[in-house]
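Let's take a friendly walk through this structure together. Keep the sequence and the 3D view open as you read.

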Amino acid sequence: MTRTPEHTVIVAHQFENLEQQFDADLLGMWLFLVTEALLFSGAFLALAVYYHQYYDTFSAAARELHWLLAGANSVILLTSGLAVALAEQAADQGRRRAALLGLLATIALGLVFLAIKGYEYHSEYQAGLMPFLQQPFAYDGPNPHNAALFYNFYFVLTGLHAAHMIIGLAVLMVMAVLTWRWRDGARVARQVRIAGLYWAFVDIVWVLVYCSLYLVGR
Amino acid sequence: MIRDARTGPAPRHHYLNAGHGLASWFLTKDHKRIAWLYFVSITGFFFLGGLAATLIRLELITPNGDLLSSDAYNRLFSLHGIVMVWFFLIPSIPTTFGNFLLPLMVGARDLAFPRLNLLSWYVYIIGGLFTLIAAVAGGIDTGWTFYTPYSTLFANGAVLAAATGVFIVGFSSILTGINFIVTVHTMRAPGLTWFRLPLFVWAQYATSLVMVLATPVLSVTLVLLAVERVFGVGIFDPSLGGDPVLFEHLFWFYSHPAVYIMILPAMGVVSEVVSCFAHKRIFGYRVMAFSILAIALFGFLVWGHHMFVSGQSIYAGVAFSLLSFLVSVPSAIKIFNWLATLYKGRVRFDAPMLFAMSFLGLFLIGGLTGVFVATLALDVQMHDTYFVVAHFHYIMVGGAVSAYMAALHFWWPKITGRLYPEMWARVSAITVFAGFNLTFFPQYILGWAGMPRRYHAYVEDFQLLNVFSSAGASMLAVGYLLPLIYLLWSLRYGAHASANPWNARGLEWTVPSPPPEENFERPPRVEHEAYAYDTDA
């Protein structure tokens, strides 16, 4: 991986060598992802408890969501995952242009995802399915009170995921700039790989969000 | 040991004189200086929480609520709890001694992520600011537990500011935890295998695991609480069919392990101190390391014992009760092993050892009364009484704070390069021990007799014991203010410490006091197990 000669590689002062530094960086990111998984797990657990209690109401409420649009969004997001994986590989092989292209494609697909998500929110707002902020709640299915609980989860979980998307996009934009400048190829490759891990996490969480909100009861 | 071996010439260059000016402190990436940033800030929070405790004890001298209104009293004990738990106890040992010592103990130049380390301090300060804003804006009256639906729908205080403060400070814990785990995994010096690590490092490692695995669950719980309070996004709201007990589950899934975030580092400190002042290898090193991990693991499986009377299922209650008993096994192993370490040791009672001995006695009492409240039927009687208050103060103050004080005195010469006045330190240790027992032992009796916690008034029969308790609290205040004075004094007037004033083992004692900026001139190579005392003549 170390294509540049050893003496041009900058190792942070606390490490003995580049390998140790990379091990530390990678382990740090994995641990951070563990904490992220646990962050989502609390919300998923609460959702699971309520599914257990109000299964019929929740699955009826879930049918009002745009599962096809969100399905298309899943395809878009997973494709962005492919793009970032290709970018990682390209950076690792020292192919700067290909890496930059992969990152830009990832960012573009991520933005399309957020746009579609925004459209979904808008149509739910118009249909009166936002049971908070003193909005009229126009749900006409069974047990509207309990259904409101479902929509609350829908907005909290997808909102939390969207917040992570925005953070991820910011990270990827920084990576795109670093790749464009290409000061130290080996270093950029490691950074892109670590950023790619975060993006993969955002993808995987979306799959869980999609299955547990849109598809359960369908 | 010869007294003079404690003093020595000061090194010319060390981390304290490596840079001057505000920027050299507030933008530092040196783990030793970041530890100082934490020292100063958590000391501030400690005395803020202590001030609230003082007012609480003043109110409780008389049975009538004459000093404070019930509302003001509620806000005071909530502030006391929030500040002491999240802004003192949880960060206390890891962010100060952990930060300072972990790289030294593993033979590294710094933590794996120095910038992240500095960031975690800033995150801590921002979280602290939110909490201070909450206090200034009138405080909150929910208690430190933020139980819903009271906190989301009814409480009229700065709940959002306080919850935001706690949410933010959680990320400080997470960042510290990640940093420590990565450092222990990837940065140990050559020859420093896992089973050669000092138990302090094991304790920091286990604590970090708990921080990393539990804190995010609290974060998401507080997010759910916040969106419910601000936007009306009901998650725990009973009128939508939400379940307030679910909040309790999620809250305690963090907050019980949080108890182990507070006590595990303390156990690490006590292992170092006991072994040094008995001048003997720690008894049963491996078992000690494994029992630290076992406590961290069991800590995740017992949260339901806070909810025996909250309407969870009786089967859950039985399971949580049995699992809670299980925690006492590794804890008892540690107590016995510390005692066995003392046996036939050359025991000296310098101030750090006095504090460590306080820890042993008080933690034992706190632990044994924990078995009382882990008992399903008995807890129905004891729940929400002063018995519980006394129990957790024996663990948190008697255990964790005593160990913090032990660490402060033990490593003070290393951190500052100065010796503290030994006589005053012993006076402080004994005052704290006596004052602590006078404050909290009466509360066991009060709780047993049925005095409920969280009220500003009580029936007259309870007055005598409450007066004892308040008198003890004033002793405790003296015991904690003394070190503030003599430690600050020693910074200027204390004798210069030698590299190893306690004749202790461990890599941190091989470098000068205070250590140079880069810690080690060349990377150390470790050829011995930890606590190689017996090999010494």
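## A word before we start

A helix here is a DSSP run of H or I with at least four residues, a strand is a run of E with at least two, and both are numbered from the N terminus. With that in hand, look at residues 65–86 of chain A: this span is 91% helix and 0% strand, and its end C-alpha atoms lie 33 Å apart.

Please remember that you are looking at a predicted model. It scores ipTM 0.90 and pTM 0.94. For chain B, the mean pLDDT is 94, and 99% of the residues reach 70 or more. Among the elements of chain B, helix 14 (residues 422–448) has the highest mean pLDDT, 98, while helix 5 (residues 150–154) has the lowest, 90.

## Chain A: helix after helix

How many helices and strands does chain A have? The count is 6 helices and 0 strands, giving the pattern α-α-α-α-α-α along the sequence. The C-alpha atoms of chain A fill a box of roughly 70 × 30 × 30 Å along the principal axes. Of its 218 residues, 38% count as buried. Among contacts in chain A between residues at least 6 apart in sequence, 74% join residues at least 24 apart.

Just after helix 6 of chain A comes A:Gly217, with a positive phi of about 85 degrees.

## What the record says about chain A

An unreviewed UniProt entry annotates residues 27–218 of chain A as "domain: Heme-copper oxidase subunit III family profile". In the model, residues 27–218 of chain A are 84% helix and 0% strand, with end C-alpha atoms 39 Å apart.

The UniProt annotation "transmembrane region", also from an unreviewed entry, covers residues 30–53, 65–86, 98–116, 153–180 and 192–216 of chain A.

## Where the chains meet

Now bring chain B into view. In the model, 29 residues of chain A are in contact with 33 residues of chain B. Which elements give two or more residues to the side of chain A that touches chain B? They are helix 1 (18–53) and helix 5 (144–181) of chain A. Helix 1 of chain A gives the most, with 16 residues. By class, this side of chain A has 17 nonpolar, 10 polar and 2 charged residues.

## Inside chain B

The largest nonpolar core has 234 residues, and those touching the most other members are B:Leu264, B:Val270, B:Val273, B:Ile292, B:Ala403, B:Ala406 and B:Ala407. Helix 8 (residues 244–277) of chain B gives the most to this core, with 22 residues. Leaving aside residues up to four places away in sequence, B:Val273 touches B:Pro352, B:Met353, B:Ala356, B:Ala406 and B:Phe410.

Next, find B:Tyr486 in helix 15 (residues 463–493) of chain B. Is B:Tyr486 buried or partly exposed? B:Tyr486 counts as partly exposed because it has 18 C-beta neighbours inside 10 Å, and a buried residue needs 20 or more. Again leaving out residues up to four places away in sequence, B:Tyr486 touches B:Tyr420, B:Pro421, B:Trp424 and B:Ala425. The C-alpha atoms of B:Tyr486 and B:Glu422 are separated by 9.7 Å, although these residues are 64 apart along the chain.

Most residues other than glycine have a negative phi, and most peptide bonds are trans.

The loop between helix 4 and helix 5 of chain B holds B:Phe146, which has a positive phi of about 55 degrees although it is not a glycine. B:Phe146 counts as buried because it has 25 C-beta neighbours inside 10 Å. B:Pro149 lies in the loop between helix 4 (114–136) and helix 5 of chain B, and the peptide bond from B:Thr148 to B:Pro149 is cis, with omega near -5 degrees.

The segment after helix 15 of chain B contains B:Pro514. The peptide bond from B:Ser513 to B:Pro514 is cis, with omega near -10 degrees. B:Tyr531 lies in the segment after helix 15 of chain B, and its phi is positive, near 60 degrees. B:Tyr531 is buried, with 25 other C-beta atoms within 10 Å.

Methods:
Residues numbered from 1 in each chain as written. Chains lettered and ligands numbered in written order. Predicted model: local features only at pLDDT ≥ 70, side-chain atom pairs only at ≥ 80, totals over all residues. UniProt positions renumbered as here; feature names shortened; annotations may be inferred. pLDDT = per-residue confidence, 0-100. Contact = placed C-beta atoms within 7 Å. Nonpolar A, V, L, I, M, F, W, Y, C, P; charged D, E, K, R; others polar. Buried ≥ 20, exposed ≤ 12 C-beta atoms within 10 Å, placed from the backbone. Core = buried A, V, L, I, M, F, W, Y, C linked by C-beta atoms within 7 Å.
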